[in-house]
Structure formats: C-alpha cells, structure tokens
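Please consult the sequence and the structure shown below while reading.

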Amino acid sequence: MSASAKAGQEAGQEAAALVRLTDVSKFYGNIRALEGVSLEVHAGEITCVLGDNGAGKSTLIKIIAGLHQHDAGTFEIEGEETKLASPREALDRGIATVYQDLAVVPLMPVWRNFFLGSEPTKGAGPFKRLDVERMRETTRSELLRMGIDLRDVDQPIGTLSGGERQCVAIARAVHFGAKVLVLDEPTAALGVKQSGVVLKYVAAARDAGLGVVLITHNPHHAYLVGDRFVLLKRGAMAGSHAKSEIALDELTRQMAGGSELDQLSHELERAPVPDVIGGKHVGSGGE
Amino acid sequence: MSAPATAPVQDAPDERLVHRSYLRRLLGRPELGAVVGAAAVFVFFSFVADSFLQASSLSTVLYASSTIGIMAVPVALLMIGGEFDLSAGVMVTTSALVSSMFSYQMTANVWVGVGVSLLATLAVGFFNGFVFTRTKLPSFIITLATFLMLTGLNLGFTKLISGTVSTKTIGDMEGFESARAVFASHFTIGGVDVQVTILWWLGLVALATWVLLRTRVGNWIFAVGGGADAARAVGVPVRRTKIGLYMAVAFCAWISGQHLLMSYDVVQSGEGVGNELLYIIAAVIGGCLMTGGYGSAIGSAVGAFIFGMASKGIVYAQWNPDWFKFFLGAMLLLATLLNAWVRKRAEASK
C-alpha cells in the first residue's frame with residue numbers, strides 16, 4: 001500500500017466513515033434477502049464484501065447504490081443517516097456504482113460513454129451543444145491518468161475487452177468526483193491477467209482517496225487489495241475482519257463455508273470416483 | 001491526490017494507434033449501405049427509364065421522398081432509442097382529421113384547428129410514451145393497440161360527424177390560404193418545381209442530426225436504445241427520453257397531417273394505414289438497427305429517397321406499379337444485408 005493510502009486511511013478513521021451500514025435488513029415479501037448486515041467504508045480503503053451466490057451481495061449493493069431502500073437498520077453517509085431514493089441521488093451524494101454487465105452502452109464510442117449522463121455543454125439557448133473536443137480530450141487524459149492507454153476514444157466501447165470496459169467505468173466514477181466507488185464483481189467474468197489489470201485500477205482509485213466497496217466471490221482477488229472483509233452467507237453476516245486479523249487461508253475457508261468445506265473435502269477424498277464420466281473413462285486408471 | 005504509479009503519461013503517439021484511412025471511417029458510418037443502395041437504384045432507373053433524369057421527374061421523386069421522409073426522421077430517432085411506433089401512419093390521418101373537423105365544426109379560423117390538432121397529436125404521442133414507460137410492455141404491442149384504436153376513431157368519428165368517410169371541405173375558410181402556404185405550397189427554383197414539404201424534410205433531417213450528434217439529448221437517445229439499464233445507472237432520464245421520442249413522432253405526424261389536409265382541403269378518414277411500415281423501412285434501409293442504439297437521421301432520409309426513386313421510377317419506366325411492393329421488399333432485404341456486411345467489415349478491420 002502506498003504512503004498516500006495509509007495517510008488516507010488514518011485520516012478516514014478519525015473522520016466519520018464515508019458509508020456506514022448498521023444492522024441493515026431487507027425483505028422481499030416474506031423472503032429475507034439481507035438481515036443485520038453492518039459495514040464501513042473509509043476514504044482510501046477497500047472494503048471487500050465476500051459471499052457465495054445468493055448470499056445477498058447484490059441486494060446490499062442495490063441498497064448502497066440507491067436502487068432499493070433498506071427495511072431496517074441505519075445507512076449513514078458521512079455520519080448522516082439517509083435513505084436513497086434513486087441511483088441519481090446516490091450519484092449526487094458521491095456514491096458511484098459500476099455494475100458488471102451494465103457498466104456501459106456497447107455501441108456508443110468510448111468518449112460518449114465516459115460522459116453519459118453528465119455531458120458538458122457549451123453555448124447557450126438553441127445553440128447549446130456538447131463540448132465534443134473537451135469530451136474527447138478529457139476522456140483520453142483521464143483514462144491515461146488511471147493508466148488506461150486507449151488506442152482510439154472513438155471506437156465503440158463494445159470493442160474493448162471486459163477488463164478495459166470495467167476500467168473505463170471506474171475512471172469515469174473517479175473523474176466525476178465519486179467519494180465512494182461500489183464495484184459489483186468486477187473480475188467475475190475475466191481471465192487472470194485481465195483481473196490483475198482491473199485490480200490495479202481499483203487500487204489506483206483507492207490511492208486517489210476514494211472509499212471502495214468491492215463485491216466479489218473470489219477471496220484471492222479480495223485479499224490482494226482489501227483492507228476489510230465482510231463475509232455474507234444466506235443473507236446474514238458470517239464475519240467481519242480487518243486485513244491484519246485474518247490470513248488468506250482462513251478467509252478462503254470462511255468464505256467457502258468453513259466447516260462445510262472440511263466436510264466436502266472429506267467426502268471428496270472418500271467418495272468412490274465414478275468409472276464413467278461423460279462417456280470417457282476418467283479417474284479410475286489415473287492414479 | 002497522488003497520481004498512481006501505473007500511469008505512464010506519454011507524449012509519443014501510441015504505436016498501436018494505426019491510422020484509420022478515411023475510407024475506413026466512411027465504412028463505419030451507419031448510412032453508408034443506404035448511400036450505396038441509393039446510387040445503385042438511381043443508376044438503374046437512369047438506364048431503364050428515359051424520363052427519370054429530367055428535372056421535373058426529380059422534383060416528383062423528391063416530393064414522394066419527402067412525404068415519407070418527414071416521418072422517417074422521428075421514426076429513425078425512436079428506433080435508435082430502441083422502440084417502434086406502429087401508430088405513426090394513422091396518427092398522420094388523425095392529426096389531419098382533428099384539424100379539419102375542429103375548424104369546420106367550430107367555424108373557426110383554420111389556424112385554430114391546426115393548433116388544436118398539434119395539441120391532440122402530441123397528446124397521442126405522450127399517451128404512447130407514457131403507457132409504454134409505465135407498463136414496460138413491448139412498444140410493438142402498445143403502439144399496435146394505438147394504431148387499431150386510432151384507425152377506429154378516425155373512421156367512427158368522421159362518419160358520426162360528417163356522415164361520410166371524408167371530411168367537409170375547408171378550402172373556403174378563413175386562414176386556409178396561409179396554412180396551405182406553410183404546409184402544402186410549392187415554388188420554382190431554376191425551372192424546377194419544389195414542394196414545401198421538401199424544405200420541411202431537409203430541415204427536420206438537419207435538426208435531428210444536430211440533436212443526435214451534438215446535444216446531451218442525442219447522447220441519451222443512443223444510450224436508452226443501446227443499454228437502457230446502463231443509462232439509468234449513470235443518471236440518464238430514460239423515461240423522459242422515450243416519452244420525448246414518441247412526442248417527436250407525434251410532432252412530425254402533425255406536420256404530415258397538415259400537409260395531407262392542406263394539399264386537398266378534405267381528408268379521407270381511412271388513409272395512412274400501412275404507412276407506418278414505410279417509415280420503418282426507410283429508417284432500416286438508412287442503417288438503423290432494429291435492436292436500437294445505432295442509426296442516423298441522414299440514413300433515414302436516404303432510405304426515404306430510395307423509396308421515392310423506386311415508387312416513381314417504376315412509373316417512369318412504364319412498368320406496372322404492382323411490381324413496386326416486390327421491389328421495396330427486395331430493397332429492404334438487400335439494404336439490411338449490405339448494412340450488416342459493411343458494419344462487420346468496418347469493425348473487423350479496425
């Protein structure tokens with residue numbers, strides 16, 4: 001971690017957390033999607049939310065992003081209790097969310113995507129128009145500042161790789177002054193190298209002083225960059241740790257279900273391997 | 001704020017940035033397929049129809065193009081925004097009927113009817129957009145319903161009020177001459193007869209192109225068609241944009257409707273059915289993607305021009321006009337295939 005991030009961390013802990021959730025619950029009818037979840041996000045820190053499918057990660061992200069409102073508990077932004085009515089309000093309060101699949105509009109050029117929803121204009125009245133030169137220039141320089149070296153800002157963003165698209169969305173959030181960046185499974189669909197690239201930009205955003213919420217089901221990725229880890233399981237908290245308190249092995253074990261994992265490995269060791277898997281002889285003669 | 005160590009700010013040009021030739025850039029334009037098609041159709045009729053190249057023929061072709069083109073512009077915008085409007089054809093007739101009947105029944109100045117018609121037509125457009133954004137049903141179904149309802153209302157009300165299927169003439173009423181001058185006049189430039197609708201058409205194409213490429217709203221139109229959820233997540237007013245697009249269709253239906261009324265002074269209540277498909281065809285030939293998020297207003301104009309050339313060219317070639325529909329279908333298929341091919345080439349060879 002760089003010196004600036006440490007400074008940010010210390011300053012962040014003295015001030016109120018950027019976002020603090022305390023015992024937050026959410027119900028869809030009689031289904032408990034989330035219950036009693038607490039989480040803190042500080043400036044210059046990355047809070048990782050880990051959980052398996054159906055653990056309530058996306059419900060949590062939707063509450064922070066303003067798509068849903070929580071039913072119980074408190075949601076504070078910079079010490080002020082709040083309920084967000086819309087994604088627009090979340091954006092105005094400095095919370096930018098980057099979704100895995102809907103981060104960008106694929107057919108639009110990179111520079112149009114970069115400024116989508118917050119386009120700068122020049123001129124007045126009927127001649128009010130997009131400041132196209134500035135948009136192109138800013139896109140190029142902002143991406144470069146984040147370390148994204150783009151060939152051509154005019155190409156449709158759909159022609160970029162998944163990792164690059166995530167990076168553009170992150171750079172966009174940083175440029176528009178987000179204080180909190182919420183990332184929904186940014187590395188889920190990516191290969192090893194691409195994931196590394198994205199994590200590098202996540203770290204860059206942290207170093208720029210943002211508080212980051214990283215949602216993931218990959219403890220290895222989380223442990224690389226995270227400062228705090230919140231584990232979710234079936235809609236409830238399964239643990240909350242600072243990085244200094246927990247090692248990767250333990251995090252992986254808890255994430256995968258702790259004792260359940262032991263049980264599983266035990267079963268796998270003992271279980272007789274089927275003779276035929278998918279029409280081919282596998283396993284029986286292998287070892 | 002410290003700059004991340006990973007930012008190699010470089011002044012040297014990027015070695016991966018291969019210079020894209022102007023031809024390549026041209027290939028990336030949505031309207032290219034339509035322009036190639038238009039050139040082919042033009043050359044074709046120049047050979048098979050002797051009178052096709054005369055100035056008077058050109059003005060006839062342009063007039064036919066403009067009547068479709070005026071509506072193809074907003075229909076193209078709507079399609080870029082990801083939606084359809086099947087009620088666009090009969091909405092033109094509705095607009096003309098409201099204008100005509102209001103003026104006649106109230107014995108008001110024709111301009112009063114024109115104004116009332118504008119409000120009524122915009123209300124229909126708002127209805128389409130509002131119901132669509134509230135119910136989240138496919139726009140195909142909602143505007144199909146509007147199409148049927150308007151068709152029924154057009155016939156029903158006209159028979160109820162005037163006793164026949166057409167309206168009473170408003171040709172002798174106050175304000176008719178000036179309204180005709182605005183919506184249905186024609187003038188001569190260099191020996192060529194020019195219909196005023198051509199000016200409306202070109203004006204609308206220019207305005208729509210400006211809005212699409214150089215304003216925030218244009219950015220939003222591309223975004224709501226290409227990825228509504230992504231657009232909503234970054235704060236684009238998706239609902240308002242779509243309702244606005246439906247009202248743009250209504251506005252242009254009003255212009256077309258007034259032209260329809262002023263060029264004859266009576267309106268047949270059954271007109272307009274089937275035209276909505278012509279508008280969509282012009283937009284698609286012009287490079288609009290059926291799935292939204294891609295297309296251009298200029299393309300729709302070229303599409304409308306192809307329509308005009310084909311419909312009149314067949315007459316000049318002295319063929320049976322029955323062949324026109326076949327020709328139109330073949331054009332649609334070819335243009336769409338060409339568009340898909342060009343787009344693939346342009347993207348692959350980047």
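**Strand pairing and helix contact**

Strand β3 (residues 46-51) of chain A is joined by 5 bridges to strand β11 (residues 228-233) of chain A, and the two pair in the parallel sense. The model is a predicted one. The points below treat the strand and then the helices.

**Partners of β3(A)**

- Within the pairing with β11(A), V49(A) has V230(A) as its bridge partner.
- Strand β10 (residues 211-216) of chain A also runs parallel to β3(A), and 5 bridges join them.
- In β10(A), the residue opposite I46(A) is V212(A).

**Burial of β3(A)**

- β3(A) is mostly covered, with 6 of its 6 residues buried.
- Side chains in a regular strand alternate between the two faces of the sheet.

**Helices α5(B) and α6(B)**

- In chain B, helix α5 (residues 110-135) and helix α6 (residues 139-162) have axes that come within 10 Å and cross at roughly 145°.
- The crossing of α5(B) past α6(B) is right-handed.
- From α5(B), the residues N128(B), V131(B) and F132(B) make the contact, together with S139(B), I142(B), T143(B) and T146(B) from α6(B).
- Sorted by class, the contact of α5(B) with α6(B) comprises 3 nonpolar and 4 polar residues, with no charged residues.

How values were computed: Residues are numbered from 1 along each chain as its sequence is written. Chains are lettered from A and ligands numbered from 1 in the order in which they are written. This is a predicted model: local features need pLDDT of at least 70, side-chain atom pairs count only at pLDDT 80 or more; totals for chains, interfaces and linings use all residues. A residue is buried if 20 or more other C-beta atoms lie within 10 Å of its own, exposed if 12 or fewer, and partly exposed in between; C-beta atoms are placed from the backbone. Helices (H or I, at least four residues) and strands (E, at least two) are DSSP runs, numbered from the N terminus. Two strands pair if DSSP finds at least two bridges between them. Axes are lines fitted to C-alpha atoms, for helices over the stretch in contact, and angles run from 0 to 180 degrees between N-to-C directions. A crossing is left-handed if the near helix is turned anticlockwise from the far one by less than a right angle, and right-handed if clockwise. Two residues are in contact if their C-beta atoms, placed from the backbone, lie within 7 Å. Ala, Val, Leu, Ile, Met, Phe, Trp, Tyr, Cys and Pro count as nonpolar, Asp, Glu, Lys and Arg as charged, and the others, Gly among them, as polar.
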